[in-house]
Amino acid sequence: MPGKLKAKIVAGRHLPVMDRASDLTDAFVEVKFGNTTFKTDVYPKSLNPQWNSEWFKFEVDDEDLQDEPLQITVLDHDTYSANDAIGKVYIDIDPLLCTEAASIISGWFPIYDTIHGIRGEINVLVKVELFNDLNRFRQSSCGVKFFCTTSIPRGYRAATVHGFLEELVVNEDPEYQWIDRIRTPRASNEARQRLISLMSGELQRKIGLKVLEMGGNAVVGYLQCFDLEGESGLVVRAIGTACSLEKLSSGSILNTHTHPNTAPASNACNSPSKDGKEPVFGEDLPSSSGPPTPFRALPTSSSPPPPFSPSKPCSRQSSSSDTDLSLTPKTGMGSGGSAGKEAGPLKTLLRQQTQTALEQREFPFFTLTSFPPAFLLHVGGVVNARSVKLLDRIHNPALGNTRSYKLLDWNSVTADEPETRDAWWEEIRQEIKSHAKALGCHAVVGYSESTSICEEVCILSASGTAAILNPRYMREGCLDIGSTDHRFEEPSPPTCGFCHIPYDELNMPFPAQLTYCYHCRRQKVPDVLFTTIDLPAEAAVTGKGCLIQARLCRLKKKAQGEVNATAISNLLPFMEYELHTQLMNKLKLRSMNALFGLRIQISVGENMLLGLASATGVYLTALPAPGGIQIAGKTPGDPSNEQHLLTIQKRINEATAKNKELYQINPPKLFALDPEVFCGTNMELTEEGVGSPIPEPRQRSRLFRSHSESSDEISELDLSHGKKDAFVLEIDDTDAVEDIHSLLTDANPPRGFYSCNTETMPGIYNWTSGIQMFTSVRILRLNNTNLTNQGLNKIFTDLCENLLKSFYFKLRSMIPCCLCHLNFTVAVPEEELIQVAVTAVAMTFDKDQTQEKLAEKLIPKGGSDTDEQLQFPMELCADSSTINSQPSSKISGVPESTNISSRAASVDYGSFADRCSTWLELLRLKAHTIRRGSVKTSRRTQSLAHSVSSLEHSSPLPDGRSRSLRSSRSFGGSTVTVVKMTPLSFLPGTRIIKYLGIINMFFIRETTSLREEGGVSGFLHSFIAEVFAMVRAHVAALGGNAVVSYSMQDCVLMENPNKNQAQCLINVSGDAVICVRESDQDSLASTTTIGHSCSSTTDVTT
Amino acid sequence: MSVELDVFVGNTTIMDEEVYQLWLDGYTVIDAVKVRREGGVLDECEANADVVLSDTMDQYRTFQMCERLLHSPPKLANQLLFQITPHRQTILIERYYAFDDAFVREVLGKKLSKGTKKDLDDISAKTTVTLKSCRRQFDNFKRVFKVVEELKGPLVENIRHHFLLSDKLAKDYAAIVFFANNRFETGKRKLQYLTFQDFAICAGQLINNWTVGAVGPDSFVDNMVEDMDVDLDKEFLQELKELKILITDKDLLDQHKSLVCTALRGKTKAFNEMEANFKNLSRGLVNIAAKLTNTKDVRDFFIDLVEKFIEPCRSDRWTAADMKLYLTHYTNSVHILDTFKHQVVWDRYMGVIKSCIFKMYHD
């Protein structure tokens, strides 16, 4: 059933001169939707035409509304010859189809031409009237909300998380059609842009249908990618997480923004999780021989042999220290055994329960990376699968004959065709699922998929974090009937609960060293934890985090077809192993024990493979302190060698000490010392102190025993080093020397800078409103034909390090600041070329506040905008601080309250009474409020000094609409709304009041005058700037003032300098939002009573 | 191994003011890097040479892309390509339109034509301003000239409005346009001692008092007259001929002299020279006025002022205070002359002359 789409063309400006004789243009506009086209009149002789057209009306199916973009073409009228196209605007009208999103699109859009770039702007109005369609069998899915954000969007509550969504659409690539030989590059580019726009519209509609089937109303963590497979076609695929979201009333979202930063519960973590990575193949390790390979090159070609089976190494991140230490799996098992029993029954019960909920789903995967409190119970570790496929093996007869633009749905066409991409992904997902199972986990969170294509070889990768989730979220309507579940919930405080191992110690999937949680002392944790998710907000962290990268290049012979694929798949496990080792070493060097946001990318080129692993290292208070790195030589006794080793050892020790200081890693003394000595007393102290049940003597003794056991065993193995779990690096050949050197060459960020690849930096809580999102691309040409692996590694490492240095230098005016969400993407666009693209955001924070005590840590958050608050009368300030402090005090209250109540009462986040728990807490809230008010007053004067500079960060005004923004500009004539962009899900100092819909745009730019445009750099620089401009314009037209969760999925550059040509494709996505400054919201809310805000806080915690 | 491509694009365009200045000054990337390194930029943020080079190239590219917009500054505020804060936009524009005094002195009063543009290499060599920078400045002059040429209304206002310049800079541009339009001679050796600012202030005086627009909006039903601030008021120039009576009528001349001398006596050391030179000086000033109907003589206005008045006074070692005293009494005494009927014209003329001479009377 249909809807009515209405469009009106208002005016144009800054048009290019199309008529050389008059230096003017006779412009008119074609408005096209589906097969219907309307035209405006010609507006003669003007570069700023005022068409002011009638409303063009299109009556269309809602299915089309979802698939098709509105296509606006600006042309120059020519009486005697064909009209010249000036450029086009594609408008995705999807946001208008959802009642909660935008209601009108209105604004200036850049007129884009794939050859000339932006050529002027056009002002357009678009509206949709949608008729309700109750047809059960409809093909459209209007109304399903899409979010790129990989967490529950601010202002919403997840009633149910339904689960994994995936879909892909395949078509022939117009660039490779025969007609491309005779049409102009412009026509070909436009055909491609249009096709991809259609395909992603269709994909989104289909995903939406799946959501409706599951009973959800939204897709969160929506990730769409393109695979340009050349001759064999174009694949658009998407994954996401289906949810039922409920909008929170406006008052109740007060504190959602505080999200990532919760007060670090200083010594608050209580249970041990396990080391994050588990070498699943541990059992197979030949523990005797040398450094064991943690990977078993499983020919996973198990069932229906995939087109290319030998190539399926399923490698998983292995863990680690154990493996490398050549410990036998028994060590871990032995120590873990005792504790396992008590937790056993509970766990099993829990697992069974959740499993029933989850098992109905084929894939219990979640693309989310951060979760509502209490959602994530335990984290197992990273699971990871890759598969190498040959593209030319796929042949779809349907495609072969069709030369039309009709979209082909691979799924339907190929029902009887086993070789489909769906099947490939299915295989990989199955593998991931089984890995997760091996870790005792029933779900995979932080899940993502990617491909790397070179000629006909394609590497498919999937990775995620195995986890156990709270079953309450899995069942429909279960949030309210949750009480029965709670009995089975383990009373793990949120600060450490997720670290506790999900698997059974008696039956460990891989060798790991387990200890009792350094926070709660009740359950086991691994020594190291690797994950692909963001650091849970409630996790207890010591010190600050930092970006850790492992980089690797491997040469490979040029080859074709299967030989090539085999060569690649043989290399993969070794690359993963080395990347993992590098990560582990670098982690230890920084005295940290956990990685978050781990992303391992392997890119294939004709003659090399590139591997890049990025993650954010942190010291989780719940996990044991990492031991140092110990250097050992293969041939002890050689004096010169010894000397050399000593020097290296010294350097490593110095670096470690320096890093500790730099990242402020000072774990609470009691825990840092050898647990054998202090464990007993310590435990008593903590446990009695918080008044929680004292463990039975039996348990305690076991505790002792296990500790001593494990340490005994280790000390046997590790004769050279007194420390418990020192990490031994053997220097037995030049490679190892290189490795160590590269370990030490990684520079730390300069003073005033921090960097991470997660949403926010662990340990920084006081963001101010200054942000700068940027994209940087660098391509290196290797002229040296006979490079070694080492040489390549060095070049690649330098490339990444220099990029980081460049960022620090460019952003130095923002100090103190943190580069967040540093997302590196590597590619080998051609032989001898290495491309690295980075998108990240630099955010300023308030340094002075970092020293403040825990309770006040969050104050600067609310106060971060003090300079902006200046515009409000004093009384308002005072009031606003009252409200504002709510979130901070609430959150800082968490760790404390957990200690007191959560164990006994079990964490009942579902019920109101528990959450706002006691009067005590209320009182504390008030106390905070008062303190906070005074702090703020004092800051006000100091911020006067900054007020001038703060003008530059023009932040959104109260209602966030462009109208009001306009009035604030100093240039009278400007109609440009400031649009902030960030890869994060929030903007510091602001609150998102409305999500306007998803932005998903694909652009092609081509040039035949590369030199004139300033070479490839000039070409790409302006293209990226143009892409930003178009994203901003679309957001502004929707009425928004910011893009969150922005990402650049693809940036494919092809150049041919000899022909003076280049072509580039960029795909970006994000969520358009309206956000307001916190201070504004405060003043709005200042009338609300304490009681009200208290209850609203409650809602949020859910 | 070589860097094939290297770009950095911020959502808010990042611009370093120092690099912008180097770019404006026409430094090449390599030279700019050198200057920055010497300026100690390497000490910031543990930068190395590659980092500075890459940053400089990025910024240069950004500026080149912005340059098109800077040619019509109002576009900068409305364009969508670069997100630049208003504060930054102002800086960008102001600096782009800033010029070197040394350079402007060379082209002041010249026709802003292709011919002059060809001489820019000589000017560049002479002034040590890089050729690139000379071209930018010259093109700026020409662009502003072309735009305001066809506009109605007050000159300074028009410049400020169409180029979003500060008041000060808009006035300077008004002076440049005014000089270029009237082709005042400023290049002669005798005028070399004058700075651009001297001329700019004189131009301001001329614009405010001697042009069509100067008479004030009251006298025009609609004050939107083309070139009202650029062309001198022809009627006024005609009227100036009437002043000749001050030197041709012997009585009037003597009367004027005695009035001035009475007033000056005992007030200055240069009294004797003043008395002796009175007739010469008066003849000089009045003759300048009488000749201004000829375009050629308008061009020589400043050189005439120097030759006919400033040089004689300087050779008599008048101080600036002497000059002020003399001109004040010289102007005011005319009001007492009953037979002289052209007081209004006289005041309009002498008001400007006085200010110009005050400004120009220095070493």
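Analyst: pLDDT is the predictor's confidence in each residue, from 0 to 100. The model is predicted. On that scale, chain B has a mean pLDDT of 86. In chain B, 96% of the residues reach 70 or more. Confidence in chain B is highest in helix H1 (residues 17-24), at a mean of 94. It is lowest in helix H7 (residues 114-118) of chain B, at 80. Residues 218-222 of chain B stay under 50 in pLDDT. For that stretch the model has three contacts beyond four places in sequence. The model as a whole scores ipTM 0.88 and pTM 0.78.

Now the sheet. It is open, has four strands, and belongs to chain A. The strand order is E28-E30-E31-E29, with mixed pairing. Strands E28 (980-981) and E29 (990-1007) of chain A form the edges. Each of these two pairs on one side only.

Two bridges join E28(A) to strand E30 (residues 1042-1056) of chain A. These two strands run parallel. Within this pair, Met981(A) stands opposite Val1043(A) of E30(A).

Helices pack on the sheet as well. Helix H2 (residues 185-214) of chain A touches E29 and strand E31 (1061-1077) of chain A. The direction of H2(A) makes about 145 degrees with that of E29(A). Helix H23 (residues 1015-1037) of chain A also packs on the sheet. H23(A) touches E28, E29, E30 and E31 of chain A. Its direction, too, makes about 145 degrees with that of E29(A).

Conventions
Residues are numbered from 1 along each chain as its sequence is written. Chains are lettered from A and ligands numbered from 1 in the order in which they are written. This is a predicted model: local features need pLDDT of at least 70, side-chain atom pairs count only at pLDDT 80 or more; totals for chains, interfaces and linings use all residues. Side-chain values use heavy atoms; hydrogens and water are left out. Contact means heavy atoms within 4.5 Å. Two strands pair if DSSP finds at least two bridges between them. Axes are lines fitted to C-alpha atoms, for helices over the stretch in contact, and angles run from 0 to 180 degrees between N-to-C directions.
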